[in-house]
Amino acid sequence: MNPTNAGTRIGQPNLTAIVFFLLFVSITLAITYWAARKTKTTSEFFAAGGGISAAQNGFALAGDFMSAASFLGIAGLVATSGFDGLIYSVGWLVGWPVVTFLIAEPLRNLGKYTFADVVAYRLRQTPVRLSAAVGTLTVVVFYLIAQMVGAGNLIRLLFGLSYETAVVIVGAVMILYVLFGGMIATTWVQIVKAVLLLGGATALAGAVLYQFGFSPTALFSEAVSRYGPEALAPGKLVSNPLETVSLGVALMFGTAGLPHILMRFYTVPDAKAARTSVFYATGLIGFFYLVTFILGFGASVLVGRQAIIGVDKGGNMAAPMLAEVVGGTGFLGFISAVSFATILAVVAGLTLSGAAALSHDLWSSVVRKGHAPEAEQLKVARISSLLLGVLAIILGVVFKNQNVAFMVGLAFAIAASANFPALLLSMLWRGFTTRGAVASMLTGSLSAVLLIFLSPTVQVELLGHASAPFPLKNPGLVTIPLSFLVGWVVSLLAPEAEASRRFAEVEHRMHVGAGVPPKGAAPPDVAGPVAPGIPEAPQEI
């Protein structure tokens, strides 16, 4: 196909895409029906009863993380910006060793369903959980908006449906996944989606390399001959060194603070399985980002940058347009359906983590002081899932035609600034206190929101002002150290003897798992989680 005609099917109904999409939805709804029959307790709803293997959770983690932004966004950035487009994939990927060595095992040993379990383990429950819920729900809501708006635009361009119809379909199917199947259904939907995405992206990359005799060097040489040496040189997308560092730390530490990623560590039976699942996920995600590198350069050469930007200014349609060039409308339909399935699965994971914050952190632990019956907890969880799903649909429609790049940046900035510092300090520092945790989480959330609003992303690109009060597009370089500093200073100014005394219990449990606490350790606070890290005995309801 002539590159000048690439994308001629974009915006027209594609029967192949619709068939593949309906097939995926049918399979996943069957999974949901099966999972619903197994989901009878809060442990099963939020953590699949701890019965997911390390390999299964590794695929599910990869599925949760490899969103449409990863597949469509990075391929588009590489296609339009060259080598610099990899800055996002590198930033996201290097966050996984942080998760492996600092987060996965202690989180599984100390917590129950959410990261707030860990932060609140030796602190006063109510203020810590309220503050944690603010950060968690803010991340979830902005991430949901980005995914829903992305879904609407993708389906409007690829399936021939209206934007509003696409948003409602995504929201409705996602509500069914979470409402009835909980974490068991969401996990298997993520696994199916990960296999489809990895298979589709690999097949597309293979078709690209076939055009160049399976020589990546020949592909890169063609890109250089068409766009000049700068296609393989850094500095085009992010030229300011401080901007580069700020974006990098936000992406890296944001990965270790995303609530829907952290929640997955409670689905495995023990800490070893949690750590092993991160190993699997890191390998799968690393391979995927290598593939998107080939897709980006393949699209820039075989489709052409002008054609890509002509369809979508952000370059997000680069991968589907490439599929049309190398495989015709049938391949375009398959890649389109995989992209849509990707959004569905990620939205389901986000909704479940938001429901956990509302049901487990707020209702069960704060309102009911840890004494809510099993049936009541599960009912609140399902109501929360329904409300979040409806909210996601409404916000997706309200934010139609808006630039959602700043929302994704905001989600990562909040996760890195609010969740990660408090999580790390609670596990590693004896002197961390309740007031320090609250101050750290609220400072991280509010400063990230404020500085992104004052940044060039909003002030210049969205509002059209000549300049911005805050010079960096991503505030991570300022807000992450600020959150650590505030947590440290406030903890020193307001020491808490009980929190310090129970640190020995935290260290013991963090390293060796559940069991008899060290001699002299206090029992868990009555308002806190009952035996954190140990799934409660299933109760039929």
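Me: Which residues are linked in a network of salt bridges here?

Reply: Start with the general idea: side chains of opposite charge can pair when their charged atoms come close. In this predicted model, Asp117, Arg129 and Asp361 are joined in such a network.

Me: How far apart are the closest N and O atoms of Arg129 and Asp117?

Reply: They sit 2.9 Å apart, and the two residues form a salt bridge. Arg129 belongs to helix 8 (residues 125–158) and Asp117 to helix 7 (residues 115–119), so this pair ties together parts that are twelve residues apart in sequence.

Me: Is Arg129 buried or exposed? And what about Asp117?

Reply: Look at the relative accessible area; under 20% counts as buried. Arg129 has 0%, so call it buried. Asp117 is buried too, again at 0%.

Me: How many salt bridges does the structure hold?

Reply: Nine. One of them pairs Glu222 with Arg226, with 3.8 Å between the closest N and O atoms. Both residues lie in helix 10, four residues apart, which is about one turn of the helix. Glu222 is partly exposed at 30% relative accessibility, and Arg226 is partly exposed at 40%. Another salt bridge joins Glu505 to Arg502, with the closest N and O atoms 3.4 Å apart; both of these residues are buried.

Me: Now the helices. At what angle do helix 3 and helix 13 pack?

Reply: About 45°, with the axes of helix 3 (residues 54–65) and helix 13 (residues 271–302) 7 Å apart. By class, the contact has 13 nonpolar, four polar and no charged residues. Among those that meet are Phe59 and Leu61 in helix 3, and Leu284 and Tyr289 in helix 13.

Me: How do helix 9 and helix 15 cross?

Reply: Helix 9 (residues 163–210) and helix 15 (residues 318–367) cross at roughly 145°, and their axes come within 5 Å. This crossing is left-handed. Its contact has 32 nonpolar, seven polar and one charged residues.

Me: Last one: what should I look for in phi values?

Reply: Ala48 has a phi near 55°. You'll find Ala48 in the loop between helix 2 (42–47) and helix 3, and at 11% relative accessibility it counts as buried. Phe214 also has a positive phi, about 55°. Phe214 is in the loop between helix 9 and helix 10 (216–227), and is exposed, with a relative accessible area of 54%.

Key
Residues numbered from 1 in each chain as written. Predicted model: local features only at pLDDT ≥ 70, side-chain atom pairs only at ≥ 80, totals over all residues. Heavy atoms only, no water. Axes fitted to C-alpha atoms, helices over the stretch in contact; angles between N-to-C directions. Helix = DSSP H or I, 4+ residues; strand = E, 2+ residues; numbered from the N terminus. Contact = heavy atoms within 4.5 Å. Nonpolar A, V, L, I, M, F, W, Y, C, P; charged D, E, K, R; others polar. Left-handed = near helix turned anticlockwise from the far one by under 90°. Buried < 20%, exposed > 50% of the residue type's maximum accessible area, 1.4 Å probe, protein only. Salt bridge = Lys/Arg side-chain N within 4 Å of Asp/Glu carboxyl O.
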